[in-house]
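Hi,

Here is the structure I said I would pass on. Have a look at it first, and then read on for what turned up.

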Amino acid sequence: VHDPCDLAGPIVAAELRIPSANHSFGRVIPLAVLERAEVETAPLWRAAGLEPEPFAGEFRGLYLDICPPSFQTETFPAGARVQPLRPVFEPDPGDTLPDSVETLPERPTVYVTLGTVHNDLRVFRVLLDAIDGLECNAIVTIGRENDPAALEPLPENVVVERYIPQALLLPRCDAVVSHGGSGSLLATLAAGLPMLLVPQGADQFENAAHAAQIGAAKVLLPNELTEDAVRAAVAGLLEDQSYRESAARVAAEIAAMPPPEELVPVLVEIAA
């Protein structure tokens, strides 16, 4: 079992003559990109005594698709065996919310995260200053490598932590401000929450564009990121119920997808 960016996985499986399964992390990688990957990895296939497979072998076996149908933007190639799989976001045993969250007042709450890679404190500074003064709570996670003290003084309505389990936090939130990474985005959609997306890199720009297209998100690109723009966008998400309604429709799609435990017999079957 490999993820879509592990192009060695299909080669190893083919060389060992065993089945493989490709576990997605979001929308399917554009087929044009995989065609380029097919060219680049062809020498590795041939070095193993194998004929290169189409799309770098990404669809040689089962494709486990955790992307809800309305968020998928690519058509699968003919013959691909695609198995929908519900993305599940559960806390680890022993996970708890910090006291700083438990004691927040009763009012709308916005979660702010830039994921695990793009935790630029300058971006957080803009986001925090924008939220200052809005009639809402803001819970901000800035990554384990950053120090919350670096963002002090904090607005009265803001809590900053290095890390909080999203599975425990999202049910308490009314909107999410994030970078649009596939994991954070799917977790937010699964919770039925509207989003302000401020993409920073990788596939986040495409994720953000499609989230806006389906009506679940507002988007601010790096050159649009100002305090006024963020403040207006967050206020709009909290006031305009259409974004929450669009997110709720995707949440229903995700809830209808087969859970992981139903995939065990399928994996056993292909391994037999």
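Predicted model: local features only at pLDDT ≥ 70, side-chain atom pairs only at ≥ 80, totals over all residues.

Val12 counts as partly exposed because its relative accessibility is 44%, and the cut-off for exposed is over 50%. Together with Leu16 and Ile18, Val12 makes up a nonpolar patch on the surface, and the three share about 270 Å² of accessible area.

Another valine to look at is Val39, in helix α2 (residues 31-47). Val39 has a relative accessible area of 56%, so this residue is exposed. If you want a sense of distance, take Val39 and Val117: they are 78 residues apart in sequence, and their C-alpha atoms are 29 Å apart in space.

The largest pocket has a volume of about 760 Å³. Its lining takes in 37 residues, and the closest to the pocket centre are Gly115, Thr116, Gln166, Gly183 and Ser184. Which elements give two or more residues to this lining? They are β4 (109-113), α5 (166-169) and α6 (182-190). Of these, α6 gives the most, with 5 residues. By class, the lining of the largest pocket splits into 16 nonpolar, 14 polar and 7 charged residues.

The second largest pocket comes in at about 230 Å³. Part of its lining is the run Arg27, Val28, Ile29 and Pro30, and Cys5, Phe25 and Val33 are also among the lining residues. Ser182, Asp203, Glu206 and Asn207 complete the list. Here the classes come to 6 nonpolar, 2 polar and 3 charged.

Lining the largest cavity are Pro4, Asn22, Val28, Ile29, Leu34, Glu58, Phe59 and Tyr63. That lining has 6 nonpolar residues, 1 polar and 1 charged.

Cheers

Conventions
Residues numbered from 1 in each chain as written. Heavy atoms only, no water. 1 Å grid on protein atoms, 1.4 Å probe; cavity = no way out; pocket = protein on both sides within 12 Å on 5 of 7 lines; lining within 4 Å. Points joined across faces, edges and corners; volume = space filled by probe spheres on them. Helix = DSSP H or I, 4+ residues; strand = E, 2+ residues; numbered from the N terminus. Nonpolar A, V, L, I, M, F, W, Y, C, P; charged D, E, K, R; others polar. Patch = residues over 30% accessible without salt bridge, like charges linked within 9 Å, V, L, I, M, F, W, Y side chains within 5 Å. Areas by Shrake-Rupley, 256 points an atom, 1.4 Å probe, with all protein chains shown as cover. Salt bridge = Lys/Arg side-chain N within 4 Å of Asp/Glu carboxyl O. Buried < 20%, exposed > 50% of the residue type's maximum accessible area, 1.4 Å probe, protein only.
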